[in-house]
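Thank you for passing this model along for comment. My remarks follow as numbered points.

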Amino acid sequence: MEHPHIETIRLALKAYETGDREEMERFLAPDIVWHVGGDHRLSGDYRGRDAVLDYYETIRSETGGTLQLEPVSIMADDEHAAIFMRVTGKRGSKKLDTVLAEALRLDRDGRWLEYWALAEDQPAVDAFWGGAR
Amino acid sequence: MSEHPTIRLMYEAAEAFTSGDLPRLLEAWHPDIEWIVPGHNAVSGTYRGREELSRFFMTVQEKTGGTAQVRMDKVLADGEYSCHFLTFTGERDGATTTLTVAGFGKQDPSDGRPYRVWFLPNDLPAMDRLVA
């Protein structure tokens, strides 16, 4: 039987994809820590819900809303989850098509407490965003 | 429901790392393992095959004076993908560093051995300092 956190994650991804900041907010713990891997100008840590939501808006703005998320695998238990998803998008003349791996630590309500993201082909992601951390 | 073989392998690998059992540790991974280490430190880069991977493990222990330990906290796995959460500790120059690490893997469905692994600690600059 599928863990209920998996459906919560699907709803969160949908909110992200549609740019619904208010809806997305309810999936994030207030003191969330967000680790973005790689060596590009958005790599690093984002602390707190507002910082993470601002990060989302930067991503949406820079890609003109073209980023699409296609989950390949979602796994979860009561405290942890993992998402592997194909991410495609455009930023100016650059195109992205990779599998992004995401790990989540969850609270009892399934809200995201801590998040790690690193692509299977991270150099491609670094080139897409440009710059070094 | 029976346990996914990758879950058992990851717990065994963590035990083998901490006990210094290198042959058992290497056995947990596919012979053609591709192991990708982030950061800007002495072990960053890509290791291919078990022989190169053994060099990674030995360098980590060398940099930490043999104090490096791993506790596997959770492993999630399905047919092709896995994710593990572990706590890594190590000492250098009298200071102890503790990292929470998320690791990602793609495994051979025939026996559950990961053939590609990439991971990210919660504090990459601290990892860089520990294994500089």
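1. Val60(B) touches Phe17(B), Val43(B), Ala68(B) and Phe88(B), where a contact means heavy atoms within 4.5 Å and residues up to four places away in sequence are not counted. Val60(B) itself sits in helix α3 of chain B, which covers residues 49–63; helices here are DSSP runs of H or I with at least four residues, strands are runs of E with at least two, and both are numbered from the N terminus. With a relative accessibility of 5%, Val60(B) counts as buried, the classes being buried under 20% relative accessible area, exposed over 50% and partly exposed in between, with a 1.4 Å probe and protein chains only. Ala132(B) is 72 residues away from Val60(B) in sequence, yet the two C-alpha atoms are 9.9 Å apart in space.

2. A word on the basis of these remarks: the model is predicted, so that local features need a pLDDT of at least 70 and side-chain atom pairs count only at pLDDT 80 or more, while totals for chains, interfaces and linings use all residues. Residues are numbered from 1 along each chain as its sequence is written, chains are lettered from A and ligands numbered from 1 in the order in which they are written, and side-chain values use heavy atoms, with hydrogens and water left out.

3. Which residues does His84(B) touch, not counting those up to four places away in sequence? The list is Met10(B), Met72(B), Lys74(B), Val75(B), Val101(B), Ala102(B), Gly103(B) and Phe104(B). His84(B) belongs to strand β4 of chain B, residues 81–92, and is buried, with a relative accessible area of 7%.

4. Strand β4(B) pairs with strand β5 of chain B (residues 95–107) in the antiparallel sense, over twelve bridges; two strands are said to pair if DSSP finds at least two bridges between them. Within this pairing, Cys83(B) has Phe104(B) in β5(B) as its bridge partner. As background, the side chains of a regular strand alternate between the two faces of the sheet.

5. The hairpin of β4(B) and β5(B) has two residues between the strands. Asp93(B), placed in the loop between β4 and β5 of chain B, has a phi near 50 degrees, which is a positive value in a residue other than glycine. Is Asp93(B) buried or exposed? Asp93(B) counts as exposed, at 78% relative accessibility.

6. On its other pairing, β5(B) runs antiparallel to strand β6 of chain B (residues 114–121), over seven bridges, and Lys106(B) stands opposite Arg116(B) in β6(B). The hairpin of β5(B) and β6(B) has six residues between the strands, and Gly112(B) in this hairpin takes a positive phi near 80 degrees.

7. Taken as a whole, chain B comes to four helices and six strands, and its elements run α-α-β-β-α-β-β-β-β-α from the N terminus on. Its radius of gyration is 14 Å, close to the 14 Å that the globule rule gives for 132 residues, so chain B is as compact as a globular protein of that length; the radius is taken over C-alpha atoms, and the rule is 2.2 Å times the number of residues to the power 0.38. The C-alpha trace of chain B spans about 45 × 25 × 25 Å along its principal axes. Of the 132 residues in chain B, 55% are buried, and residues 24 or more positions apart account for 49% of the contacts with a separation of 6 or more.

8. Chain A likewise has four helices and six strands, in the pattern α-α-β-β-α-β-β-β-β-α along the sequence. The C-alpha trace of chain A spans about 40 × 30 × 25 Å along its principal axes. Buried residues make up 55% of the 133 residues in chain A, and 51% of its contacts with a separation of 6 or more come from residues 24 or more positions apart.

9. Finally, the charges: chain A has 17 positive and 26 negative charges, with mean positions 5 Å apart, whereas chain B has 13 positive and 19 negative side chains, with the centres of the two sets 2 Å apart. Lys and Arg count as positive and Asp and Glu as negative, without His and the chain ends, and each charge is placed at NZ of Lys, CZ of Arg, CG of Asp or CD of Glu.
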